[in-house]
Every structure is written in C-alpha cells, then in structure tokens.
Amino acid sequence: MAESSAQAFVDSHRDEGTTELFGITELCREFGITLRALRFYEDKGLLSPRRINGARVYTRRDRARLALILRAKAIGSPLSEIKRYLDLYGVQGEGRAQQLSYVIERTDQEIVDLEKKRAQIDETLAELRVINTYSRNQLQERQ
C-alpha cells in the first residue's frame with residue numbers, strides 16, 4: 001500500500017520529459033539490482049532517499065549516486081572508497097575538484113598496480129611457454 005502511494009506521489013511530481021523522483025522498484029529495475037542491494041547501500045550511507053508514507057523515494061541525485069556506486073563496484077572499488085568519493089562531492093557539488101583529484105590519484109595508483117600485475121602475468125606466461133615447449137620436445141623424443 002505504501003509503495004503504491006509513494007509511486008503515485010512520484011508520478012505526480014514528474015514533468016514532461018523529465019523524471020525528478022524515482023520509486024525503489026523503478027531504480028532496481030533500471031539498474032538490474034535487488035531491493036536488498038539498494039537497501040544495503042542505504043544502510044552503508046551511500047544513498048539517502050526521502051520517505052513518503054513509509055516508502056522510499058529517490059531523487060536524480062540518488063539515481064546518479066547509484067550509477068556511480070555500481071560503476072565503481074564493477075571495477076573493484078571497496079564500498080569505503082566509494083563512500084569517501086561520494087562524500088567529497090558535498091551537498092551542492094562544492095567538492096567536485098576534490099572529487100576529481102581523488103579519482104586521478106586512485107586511477108593513477110590502480111594503473112600502476114595493474115601494469116605490475118600484467119608484467120608478472122607476462123613473465124609467468126613466458127615461463128609456462130618454455131616449460132610447455134620443453135615438455136612437448138621431451139615427449140616427442142620418447143615416442
């Protein structure tokens with residue numbers, strides 16, 4: 001019941017061509033996540049929807065934050081870093097420069113780490129190829 005009244009409220013505050021508010025089901029469907037996942041992000045302080053008659057109602061800002069959360073998770077960022085990044089933004093975007101500096105710092109470090117891992121993988125592949133070739137030659141000599 002609360003969900004339908006909240007959805008009615010959301011629908012009544014939409015302009016033509018724009019969506020100012022979103023219901024929980026709508027966001028879950030749009031981003032392909034569960035209600036449980038969305039509530040988890042709320043519990044961690046990453047999202048803070050409004051409540052209307054007990055139901056959650058999300059703003060454009062919440063929607064944008066959710067998109068960033070999911071993108072950051074997809075590249076392996078821990079929730080603590082995601083929260084720090086989101087908190088840097090501030091209420092009106094006053095921390096955008098800090099946010100960008102943080103992203104540059106984190107991506108620079110991640111690039112260095114991944115390049116090291118790639119070098120280790122390349123080295124391991126080279127060793128495996130030598131072992132593989134040696135083993136094939138040994139087997140061929142025995143046949």
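Helix α2 (residues 24-31) lies across β1 and β3, and runs at about 85° to β1. Helices here are DSSP runs of H or I with at least four residues, strands are E runs of at least two, and both are numbered from the N terminus. Axes are lines fitted to C-alpha atoms, for helices over the stretch in contact, with angles from 0 to 180 degrees between N-to-C directions; contact means heavy atoms within 4.5 Å.

This is a predicted model, where local features need pLDDT of at least 70, side-chain atom pairs count only at pLDDT 80 or more, and totals for chains, interfaces and linings use all residues. Residues are numbered from 1 along each chain as its sequence is written, and side-chain values use heavy atoms, leaving out hydrogens and water.

**The sheet**
- Three strands make an open sheet in the order β1-β3-β2, with antiparallel pairing (a pair needs at least two DSSP bridges).
- β1 (21-23) and β2 (50-52) are at the edges with a single partner strand each, so one side of each has no neighbour in the sheet.
- On average, neighbouring strands of this sheet are turned by 40° against each other, ignoring direction.
- β1 and β3 (residues 55-59) run antiparallel, joined by three bridges.
- Across from Phe 22 you'll find Tyr 58 in β3.

**The aromatics**
- Rings of Phe, Tyr and Trp (its six-membered ring) pair if their centres lie within 6.5 Å; planes under 30 degrees apart are stacked, over 60 edge-to-face, and the rest tilted.
- That rule gives two aromatic pairs.
- One of them is Phe 40 with Tyr 41, edge-to-face at 6.0 Å centre to centre and 65° between the planes.
- Phe 40 is partly exposed at 35% relative accessible area, while Tyr 41 is buried at 4% (buried is under 20%, exposed over 50%, partly exposed in between, with a 1.4 Å probe and protein chains only).
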